[in-house]
Amino acid sequence: MRCIKKMVTAEAFRYDGDLKGADGEYYVPRWAAEAFEKGILFYAPLEHGAPPTELFLCVPHEKPLRVPAGYYVVRDERRVIGRLSPTLFHDIYEEWPAGDEGGGWIAVEDRLPENLQEVLVWYEYFRYGGHNSMCRTYGIGCHVNGHWSGDVSGYKARCIAWRPLPDPYHP
């Protein structure tokens, strides 16, 4: 069977041995700080009786994974958190261009547009037939109090991100 790897977008940070600065404030992405507060990322000792200095990742139905300094902690588009060695990380991912975090897209959990403002939306929906899976595409939509309309439609439709519409074409 021949396969093609799907394009995957993810957020990541390189673990440097800590999650907080000397001031006690997190300097990792907000999702990582939240994962630490929820116990998904946690410190534990390597040996019984030693101080909890090593970072671990709680993986459902498996033993916790140690996250050595220098490894990447990654959260994919499904919000699944994992860890990758630097070599594997660079084989799979490349960084967004500087100054273009998110490619201009704004995650709906970060901020919503004004009510009834038409915007370009990136959304997913369930597609029946030969696909029988979640599909992603973009279109134009607007929302009122968190409920989306316009192109964001279909079974299990969910807006993921948005960005302002570009200026209209002027010949």
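In which strand does Glu124 lie? Glu124 belongs to strand S8, which covers residues 119–127.

## Basis of the model

This is a predicted model, in which local features need pLDDT of at least 70 and side-chain atom pairs count only at pLDDT 80 or more, while totals for chains, interfaces and linings use all residues. Residues are numbered from 1 along each chain as its sequence is written, and side-chain values use heavy atoms, with hydrogens and water left out.

Glu124 counts as buried because its relative accessibility is 11%, where buried means under 20% relative accessible area, exposed over 50% and partly exposed in between, with a 1.4 Å probe and protein chains only.

Leaving aside neighbours within four places in sequence, Glu124 is in contact with Met134, Cys135, Arg136, Lys156, Ala157, Arg158 and Ile160, contact meaning heavy atoms within 4.5 Å.

## An open sheet of three strands

Strands S2, S3 and S4 form an open sheet in the order S2-S3-S4, with antiparallel pairing; its edge strands, each pairing on one side only, are S2 (41–44) and S4 (65–66). Two strands pair if DSSP finds at least two bridges between them, and S3 (residues 54–57) is joined to S4 over two bridges in the antiparallel sense. Across this pairing, Phe56 stands opposite Arg66 in S4.

## Aromatic pairs

The structure holds eight aromatic pairs, where rings of Phe, Tyr and Trp (its six-membered ring) pair if their centres lie within 6.5 Å, and planes under 30 degrees apart count as stacked, over 60 as edge-to-face and the rest as tilted. One of them is the edge-to-face pair of Phe36 and Tyr43, at 5.6 Å centre to centre and 65 degrees between the planes. Phe36 is partly exposed, at 23% relative accessible area, and Tyr43 is also partly exposed, at 24% relative accessibility.

Trp122 and Tyr138 form a stacked pair, at 6.1 Å centre to centre with 10 degrees between the planes. This pair links distant parts of the chain, since Trp122 lies in strand S8 and Tyr138 in strand S9 (residues 133–144), 16 residues apart. Trp122 counts as partly exposed at 29% relative accessibility, whereas Tyr138 counts as exposed at 55%.

## Ring cluster and charges over rings

Ring pairs link Tyr26, Phe36 and Tyr43 into a cluster. Lys20 lies over the face of Tyr26, 4.8 Å from the ring centre, and the charged end of Arg163 sits over the ring of Trp105, 5.3 Å from its centre. A charge sits over a ring if NZ of Lys or CZ of Arg is within 6 Å of the ring centre and within 35 degrees of the ring normal.

Methods
Helix = DSSP H or I, 4+ residues; strand = E, 2+ residues; numbered from the N terminus.
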